[in-house]
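Here are my notes for you. Please keep the structure open while you read them.

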Amino acid sequence: MRIDGINLRELHMPLVRPFETSFGVTRNRRILLAEVQSEGLTGWGECTAGERPFFSGESTDTAWQVLVNELGPMLAAESPEHGGDCPRIFRSVRGNPMAKAALENAIWDLEAQREGISLALLLGGVRETIPCGVSLGIQSSIPELLAVVERELASGYQRIKLKCKPGWDVEVFERVRNRWPGITLSCDANSAYKLRDEDHLVSFDAFDLLMIEQPLWHDDFYFHSVLQKRLNTPICLDESIRNRRDALAAIEMESCKIINIKLGRVGGFSEAIAVHNAALERGIPVWCGGMLESGIGRAHNIALSALEGFTLPGDVSASARYWAEDIIEPEVKVTAQGEIAIPDTPGRGYEVRSELIDRLTVRKETIRAMALVA
Ligand code: OSB
Ligand code: MG
């Protein structure tokens, strides 16, 4: 497909409520969108980098720089036939997976439209609905958290994930478990613990958690494997898994029993599918993580979750949990059974609200292939 234009935009979108993790609080998202025009069609991609480089080394600003000066010009100089051509096009740029994913995913989005099939089908998806969970940030008190859990369970969500850190863990799990003995509960530490916390982490086994997500260092496999030997609760890796080879290493070393797949963290749909396939072949369940995405990233997460191995509820939930107004139409809705119906219409299956996007845009840059020559 001929690349006729690439626009990069930054949107400012306030979250309906702050989201706190062990690494910080997010109140306002700086959403970075890539818009790729080709032969009368427009594909969209979202860069899921955080405002600050706390989840991974990328941030909105580093991604903007790499997209404008490196990746955008590389793509504009090519005529990719498939989204799957992007890893080769971007090969000379090391790292920066979230920036790469924004462009690669826009090409897959375009390809699905051109082929007249749903993005989920293009990716190899097999399911019609996806099971949904929610990720609940650290609250200012346990009663406040209990009220949030109650509300989300009443909405139908199938799994509650509690963000945790030292000082916001066992007491919280105990109170939630006492009140709701039968719910599917998990936790996510975002690397908040050290090896010296091993005994403390083993005490999490008392709460029948579905998994403990990324308890130790963001770049570790070995010490997670040491910890997993002592835990009954499955470890799920998020931050550590950057690609298929990481997934193979983690599975081989028994660093985890479950893998969280995030499109941005692994660099786009191609690598996400590769991680999924590696896990599926080895009997390791996967689920789709979230990065407080706007509707565009959310639509892509929904399509990815259609793949066979996504058997556990993901962190992909309703637009209204994040945004007063989402930038897609219809917004993402979750049924009373805690499911999202995967669209079967051509492309991403959600229209983009161009006027709203224009209104929320705070900077925009048009990328030209010429920049490569300069
Ligand atoms: O670790 O899964 C995570 C949000 C930002 C950064 C990292 C994570 C998260 C979430 C939120 O857990 C998931 C969501 O609701 O989008
Ligand atoms: Mg996580």
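**Notes on the ligand site and some backbone details**

1. A polar side-chain atom of S135 lies 2.9 Å from an oxygen atom of ligand 1. That is a polar contact (a pair of N or O atoms within 3.5 Å; within protein, one must be able to donate a hydrogen and the other to accept it, and residues adjacent in sequence count only if both atoms are side-chain atoms). An N or O atom in the side chain of K262 is 3.0 Å from an oxygen atom of ligand 1. M291 uses its backbone: an N or O atom there lies 3.4 Å from a ligand 1 oxygen. Taken alone, ligand 1 exposes 390 Å², and the protein buries 96% of that. Such areas come from the Shrake-Rupley method with a 1.4 Å probe; for residues, only the protein chains shown count as cover.

2. A word on the source: this is a predicted model, where local features need pLDDT of at least 70 and side-chain atom pairs count only at pLDDT 80 or more, while totals for chains, interfaces and linings use all residues. Residues are numbered from 1 along each chain as its sequence is written, chains are lettered from A and ligands numbered from 1 in the order written, and side-chain values use heavy atoms, without hydrogens and water.

3. How many residues surround ligand 1? There are 16, and the closest are S135, N190, K262, L292 and Y322. The cut-off is a heavy atom within 4 Å. The shell divides into six nonpolar, three polar and seven charged residues. Here Ala, Val, Leu, Ile, Met, Phe, Trp, Tyr, Cys and Pro count as nonpolar, Asp, Glu, Lys and Arg as charged, and the others, Gly among them, as polar.

4. Look at α12 next. 10 of its 10 residues are buried, so α12 is largely enclosed by the rest of the structure. Buried means under 20% relative accessible area, exposed over 50%, and partly exposed in between (1.4 Å probe, protein chains only). Helices (H or I, at least four residues) and strands (E, at least two) are DSSP runs, numbered from the N terminus.

5. S317 is in the loop between α12 (295-304) and β12 (328-329). S317 is buried, at 0% relative accessibility. Its side chain makes a 2.8 Å polar contact with that of R321.

6. Now check the backbone. Most residues other than glycine have a negative phi, and most peptide bonds are trans. The bond from E329 to P330 is cis, with omega near -5 degrees. S191 has a positive phi of about 70 degrees and is partly exposed, at 21%. Q214 has a positive phi near 40 degrees, but is buried, at 0%.
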